[in-house]
Amino acid sequence: MDANARIIVALDCDSRAAAEGVVDRIGDGCRFYKVGLELLTAGGPEVVRGLVARGKEVFLDLKLFEIPTSVAGAVRAAGELGVSMVTVHGMGGTGIMSAAVDAARDYPGLRILALTVVTSMTDGDLADIGVGSPVDEQVLRLAGLAREAGCHGVIASPRDVAALRGTLGAGALVVTPGVTLPGESPAEHARPGTPRAAVDAGASHVVVGRAVTRAADPAAAFERVRDDLVRP
Ligand code: C5P
């Protein structure tokens, strides 16, 4: 896979116009965008249709955690929009994840990714919600459930990638947000890492947001991410 195909830019914008402005400024280098709940809610599905019409792949980060029927309906709606990836919460268990996988079968390009533990969470945060396992154990437990449910891959922090690749095998997608460029502040990520470190550890894709979208020159920032991946 070439480096550009591995980089997903998170369009965490509060309007369709703002998102399209960022896409314009990044230019042709970026082929894959993540649309999350903020942009979907503010800009509507037209944002996704617009990206697909421009030839971009879309990761629709719905973070589904609902009854299986509702999850399946949301996945079908995403498939109709032409997106490539949708997320479902592993904490919802195999019933929810299986419903998402089954609903995706009618859309050959659609991949279901399970969220394990959100990258900002710590062992203490898990204890607060009654999960006694530390983050690394919980990540592997949920990834195992995701594999059993037929998910195509997982979302995981850079630091969990190597262990996950071992658990999931070579074919699974491992998509890592929480990456920062070398020398940059890790924002609020509790478990950050560089794009290169994530890919070297076995990530199939990296998600980078503000380091690109809020840069003075988003196209140059995107190239820095790419350079980090391709340098010898
Ligand atoms: O921090 P950045 O702007 O690169 O975030 C890009 C994406 O990474 C966000 O859209 C969010 O889904 C994900 N993220 C995360 N955990 C955080 C911060 C961001 O999973 N603590």
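Modeller: Strands (E, at least two residues) and helices (H or I, at least four) are DSSP runs, numbered from the N terminus. This is a predicted model, where local features need pLDDT of at least 70 and side-chain atom pairs count only at pLDDT 80 or more, while totals for chains, interfaces and linings use all residues. Residues are numbered from 1 along each chain as its sequence is written, and side-chain values use heavy atoms, with hydrogens and water left out.

Colleague: Thanks! Where is Lys 63, and why is Lys 63 called partly exposed?

Modeller: Lys 63 lies in strand S3. Buried means under 20% relative accessible area, exposed means over 50%, and partly exposed is in between (1.4 Å probe, protein chains only). Lys 63 has 31%, so Lys 63 is partly exposed.

Colleague: Let's move on to Phe 65. Why does Phe 65 count as partly exposed?

Modeller: Phe 65 has 48% relative accessibility, so Phe 65 counts as partly exposed. Phe 65 sits in the loop between strand S3 (57-64) and helix H5 (68-81).

Colleague: Which strands pair with S8, and what makes two strands a pair?

Modeller: Two strands pair if DSSP finds at least two bridges between them. Strand S1 (residues 7-10) is joined to S8 by 3 bridges, running parallel, and strand S7 (residues 173-176) is joined to S8 by 2 bridges, also parallel. Val 206 of S8 is the bridge partner of Ile 7, and Thr 176 stands opposite Val 206 too.

Colleague: How do you know that both faces of S8 are covered?

Modeller: His 205 and Val 207 on one side are buried, and so are Val 206 and Val 208 on the other. In a regular strand the side chains alternate between the two faces of the sheet.

Colleague: And what about S7: which residues cover its faces, and how does S6 pair with S7?

Modeller: In S7, Leu 173 and Val 175 are buried on one side, with Val 174 and Thr 176 buried on the other. Strand S6 (residues 153-155) pairs with S7 in the parallel sense over 3 bridges, and Val 154 stands opposite Val 174.

Colleague: Last one: which residues does Val 86 contact?

Modeller: Contact means heavy atoms within 4.5 Å. Leaving aside neighbours within four places in sequence, Val 86 is in contact with residues including Leu 60, Val 75 and Ile 112.
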